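Visitor: I am new to this structure. Could you show me how to read it?

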Amino acid sequence: MPQLDFANPMVLAQAVWLLVIFGGLYFILNSYVLPQVATVLEDRAQRIAADLDAARASKLSADAAMAELQAATAKARAEAQSAIAAAVQQANAHAQAQAEVLNARLAEQITAAEGRISASRDAAMASLRSVATDTATALVTRLVGRADAAAVDGAVGLALSARGSL
Amino acid sequence: MAAEGKSIDALSQFELGTALGPLGASVNFTQSNLHMVIVAALIFALMSYGMRARALVPGRLQSLAEASYEFIMGMVTEQIGHEGRRFFPFVFTLFMFVLFGNMLGLFPYAFTFTSHIAATFALAAMVFVLITVVALMLHGKKFFGYFFPEGAPLWLAPIIIPVEIVSYLSRPISLSIRLFANMVAGHVMLKVFATFIVMLAGLGAVGPFLSLLPLTINVALVGFEVLVAFLQAYVFAILTCIYLHDAVHLH
């Protein structure tokens with residue numbers, strides 16, 4: 001096996017050269033190449049972290065805006081409802097006032113009409129006796145040719161009082 | 001060469017020779033070392049040319065470079081803990097060196113330097129020296145308590161201490177032989193079945209058809225060897241991490 005032929009100086013020289021080459025590779029990688037890779041990876045990690053932070057901040061502000069919007073909506077709705085309630089109340093009060101005025105006028109008219117009615121009835125009742133006397137006088141004159149005004153007036157008064165009116 | 005004289009010569013592929021002409025010969029610079037230089041250049045190329053764009057959204061080569069970086073970083077932090085990050089460049093270099101060495105060895109005409117016990121042992125010895133020095137620097141004399149676990153009965157000390165010392169000293173040996181043996185076995189198998197292809201093809205009319213059999217096996221073996229190449233580099237790196245964990249935490 002050539003690998004175990006340690007009498008061959010090249011076998012050990014190979015190991016010495018390996019140490020030299022490996023050491024050189026280690027030096028180059030350690031001092032120049034790997035830090036560069038680390039920088040690239042760190043930059044990327046930082047970029048991703050910054051982007052994530054920005055996204056998180058945007059989400060927060062969006063949430064805040066959303067909450068603000070909801071609060072504004074709720075406030076506007078409450079205002080609108082109170083405005084509606086106030087308008088309804090005002091309208092009711094107005095309608096009630098109008099109804100009261102109308103009722104008062106109607107009551108007044110009713111009272112006036114009742115006054116007029118009772119006045120007319122009183123007048124009518126007052127003229128009833130003379131009308132009845134005239135009618136009775138006319139009837140009696142037609143029947144007997146003449147009429148005793150005093151007797152007719154007395155009979156009419158008797159009849160009226162018998163009816164119970166006046 | 002391989003099939004000459006109807007014999008199987010699976011070991012000549014591991015023969016060392018000098019590279020780079022008389023200059024290389026004068027300093028015993030072998031083709032194995034040349035392949036180490038190629039591997040180092042490939043790693044450097046991947047990690048610096050691949051990362052040249054420094055793009056926020058990586059391309060294919062940059063993804064590969066970043067994936068290897070993060071793979072080893074994950075392994076180091078997972079095995080050693082956060083303080084293991086300062087060993088990251090070493091573990092990264094080790095993993096990439098072994099992985100690229102294994103992979104490069106699978107190419108035709110390429111030499112597999114990880115199939116040389118001298119090379120793998122040099123790597124393992126480096127790990128061994130590192131873990132011992134780290135443990136001594138971090139814990140001083142308390143490091144020697146590692147060889148006698150706390151709470152063990154004292155009369156067991158004559159047994160436990162030698163066993164622990166032997167197991168500690170055998171770490172670089174098992175580490176190096178595991179990689180070396182895996183690579184040698186794989187390459188010997190590839191060579192043997194490749195020789196079968198040539199030998200069977202010479203057996204008259206049916207030969208070419210018979211040689212399809214070892215060819216099929218060799219195709220499967222190459223895929224298997226790719227797996228082994230990655231797996232052994234992974235095992236080498238993760239064992240290094242476990243040893244470093246022991247050195248840092250002493251238990």
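Guide: Start with a definition. A salt bridge is a side-chain nitrogen of Lys or Arg within 4 Å of a carboxyl oxygen of Asp or Glu. Keep in mind that this is a predicted model.

Visitor: How many salt bridges does the rule find across the interface of chain B and chain A?

Guide: The rule finds one there. Glu66(B) pairs with Arg44(A), and their closest N and O atoms are 2.7 Å apart.

Visitor: Which helix gives the most to the side of chain B that touches chain A?

Guide: That is α2(B), with nine residues. At least two residues each come from α2 (31-49), α3 (60-79), α4 (88-104), α5 (117-139) and α6 (157-201) of chain B.

Visitor: How is the size of an interface often given?

Guide: Often as the accessible area lost when the parts come together. Here, about 3,600 Å² is buried between chain B and chain A. Carbon and sulfur atoms give 77% of that area. In chain B, Arg54(B), Leu56(B) and Thr93(B) lose the most area to chain A, together 16% of what that side buries. The contact takes 47 residues from chain B and 32 residues from chain A.

Visitor: And the surface? Which residues make the nonpolar patch of about 470 Å²?

Guide: Met1(A), Leu4(A), Phe6(A), Leu12(A) and Leu11(B) make this patch. Take Met1(A), in the segment before α1 (9-144) of chain A.

Visitor: Is Met1(A) buried, exposed or partly exposed?

Guide: Partly exposed, because the relative accessible area of Met1(A) is 45%.

How values were computed
Residues are numbered from 1 along each chain as its sequence is written. Chains are lettered from A and ligands numbered from 1 in the order in which they are written. This is a predicted model: local features need pLDDT of at least 70, side-chain atom pairs count only at pLDDT 80 or more; totals for chains, interfaces and linings use all residues. Side-chain values use heavy atoms; hydrogens and water are left out. Patches are made of residues with over 30% relative accessible area and no salt bridge: like charges are joined within 9 Å, nonpolar side chains (Val, Leu, Ile, Met, Phe, Trp, Tyr) within 5 Å. Accessible areas come from the Shrake-Rupley method with a 1.4 Å probe; for residues, only the protein chains shown count as cover. Helices (H or I, at least four residues) and strands (E, at least two) are DSSP runs, numbered from the N terminus. Buried means under 20% relative accessible area, exposed over 50%, partly exposed in between (1.4 Å probe, protein chains only). Contact means heavy atoms within 4.5 Å. Buried area is the accessible area (1.4 Å probe) that two parts lose on being put together, summed over both.
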